[in-house]
2 protein chains.
Amino acid sequence: MDFSQAQQSICRALDNNEMLLIAGNCNVKYDGRAGSRLDEGERLIIVKGDKSFAVHQNQKLTPVNYQSPGCTITTEITGNDTLLIKSLRRKPVKELIQVDFSDISFLTSLSLQDKNKLRLGGMETDIHKELVKDLGVVEQGLVPVKRESHMTRGSIDIYAMDKNRIPVVIEVKRRKAGLLEATQLKRYVTELRKQKNQRIRGILLAPDITDKAKAMLENDGLEFRKLNYEMQETDVKLKGLQAKQRGLAEFFN
Amino acid sequence: MDFSQAQQSICRALDNNEMLLIAGNCNVKYDGRAGSRLDEGERLIIVKGDKSFAVHQNQKLTPVNYQSPGCTITTEITGNDTLLIKSLRRKPVKELIQVDFSDISFLTSLSLQDKNKLRLGGMETDIHKELVKDLGVVEQGLVPVKRESHMTRGSIDIYAMDKNRIPVVIEVKRRKAGLLEATQLKRYVTELRKQKNQRIRGILLAPDITDKAKAMLENDGLEFRKLNYEMQETDVKLKGLQAKQRGLAEFFN
DNA sequence: GCTGGGAGAGGCTTA
DNA sequence: TAAGCCTTTCCCAGC
């Protein structure tokens, strides 16, 4: 493909905020927070209307090089008879991607009409919302006090009170909890204990937990509770206590 | 575009592990770990040779819906005269994306010849490697003992010994450190202190640190050191101690 | 703008 | 395979 013509098409697409697709043989340099080099080969470049920039190989979900929305894109035809496409970002740090095409095999710009936004459900906050409706699924007699309580060192997912009026810090995780999550809970509880100078319980609520994290929790006098939920469309449905747990709770009551 | 013809093109591209690009008016459903709905609009679908799957709107770097490499892709022409493309994954959890096209405005498959891989430098491990060559940039008299030492609870970046033969745990971060990083270091040091039952120093080495994280470190008797480095191509160049610090070190020596 | 923290995180390495 | 952890994380919500 003629580079001069390609250049024109690219400029027009950029001006109109269209989605720009370019494929061809190229090498890629990146210099910024890190640095990378990619020798010759055929890849696809995508520039979106918001001026995000991505270089894709024919594998992996994620681009091999990329630039966040808002970068500045320029093109030039070099002395070596290549088309050089630059993507520059200045903030928060200067970052530059240079794609040097020796050949362009494919170039298209798409004008995509799209007013709708993704509705996504099943995230941690969605689980929070369901939980505070009835903390009984975690433990009989548990009452929510505050959600997303901000502390000096991070924020607590749910702050509650148990039936004996002991404060309970609940850390909710939508997937299997590991050391990081256990440590996070520990941090909150430790700080609160110092602050209030009284007994504070800590519960890590997750679908599952790793052995090491479990051991760490127990070592620190913290608790793990299994979180049961399922998705229905974009909504979270909490599943109650398991029969065994429920029985136990009733027994102690 | 004729759906039947589109279907054929898609099958051929999938068989040949080509990069498949499809644009058109569609709605998108996702059900799996979470759930999402995206009402009608024009988007670009990308299927790569390794069967990764992405739905892109004309904004943001990241796809609005996606599937990791290895998913199974099927197509069918529905009764409503739409072309339905499904992407299914079974492990680790069942996940399904359904893209229902009422119209396809663009369809291409690209055969990309590409044998080269990205060479990326400036990651945390690259900094480790430079550091252990001369820990003097961190503190005069510091000697490396072990790199990436695995513990019961996580792994230590660099384990070293100071000039007084006090063990030092060094946690390296390539960017500004926050509460999470401070907590991580604390976790390692705490465990090691228990294990060895002796004084252990902990140093968080990063280009910068947030105020809260700094306060937390000091509160726990841990230290922060500024990490100075710059990129040269794909290589990390450590910059020595600042003049002031160097002067101080020499003074105490 | 900085900070904190989730994400359907993804992707990598090691046990 | 599971666990832990880095990422040019990206992205968003709060302040």
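Me: How much space lies in the largest pocket?
Reply: This is a predicted model, and the pocket is computed from its protein atoms alone. For the largest pocket that comes to about 660 Å³.

Me: Which residues are the closest to the centre of the largest pocket?
Reply: The lining has 24 residues. Those closest to the centre come from chain A and chain B. They are Arg174(A), Tyr30(B), Arg33(B), Ala34(B) and Glu95(B).

Me: Which element gives the most to the lining of the largest pocket?
Reply: The top contributor is in chain B, and it supplies three residues. It spans residues 65-67. The element is strand E4 of chain B.

Me: How many residues of the lining are nonpolar, and how many polar or charged?
Reply: Tyr and Ala count as nonpolar here, and Arg and Glu as charged. Sorted by class, the lining of the largest pocket has six charged and five polar residues. The nonpolar residues number 13.

Me: How are the two copies, chain A and chain B, related?
Reply: Chain A superposes on chain B with an RMSD of 0.2 Å.

Me: What share of the contact residues of chain A recur in chain B?
Reply: Chain A puts 69 residues into the contact, and chain B puts in 69 residues. The same surface serves both copies. The share that recurs is 100%.

Me: What area is buried between chain A and chain B, and which residues of chain A lose the most?
Reply: The buried area is about 5800 Å². Carbon and sulfur atoms give 53% of that area. On the chain A side, three residues together account for 12% of what that side buries. They are Arg37(A), Asn58(A) and Leu61(A).

Me: Which residue of chain B forms a salt bridge with Asp39(A)?
Reply: The count between chain A and chain B is six salt bridges. In the one formed by Asp39(A), the closest N and O atoms are 3.2 Å apart. That is within the 4 Å cut-off. The partner is Arg119(B).

Me: What is phi of Asn17(A)?
Reply: Asn17(A) is in the loop between helix H1 (3-15) and strand E1 (19-31) of chain A. Its phi is positive, in a residue other than glycine. The value is near 55 degrees.

Me: How far apart are the C-alpha atoms of Leu96(A) and Tyr66(A)?
Reply: Leu96(A) is in strand E7 of chain A. Beyond its neighbours within four places in sequence, Leu96(A) is in contact with residues including Tyr30(A), Gln67(A) and Leu88(A). Leu96(A) and Tyr66(A) are 30 residues apart along the chain. Their C-alpha atoms are separated by 9.6 Å.

Methods
Residues numbered from 1 in each chain as written. Chains lettered and ligands numbered in written order. Predicted model: local features only at pLDDT ≥ 70, side-chain atom pairs only at ≥ 80, totals over all residues. Heavy atoms only, no water. 1 Å grid on protein atoms, 1.4 Å probe; cavity = no way out; pocket = protein on both sides within 12 Å on 5 of 7 lines; lining within 4 Å. Points joined across faces, edges and corners; volume = space filled by probe spheres on them. Helix = DSSP H or I, 4+ residues; strand = E, 2+ residues; numbered from the N terminus. Least-squares fit on C-alpha atoms with pLDDT ≥ 70 in both. Contact = heavy atoms within 4.5 Å. Buried area = accessible area lost by both parts, 1.4 Å probe. Salt bridge = Lys/Arg side-chain N within 4 Å of Asp/Glu carboxyl O.
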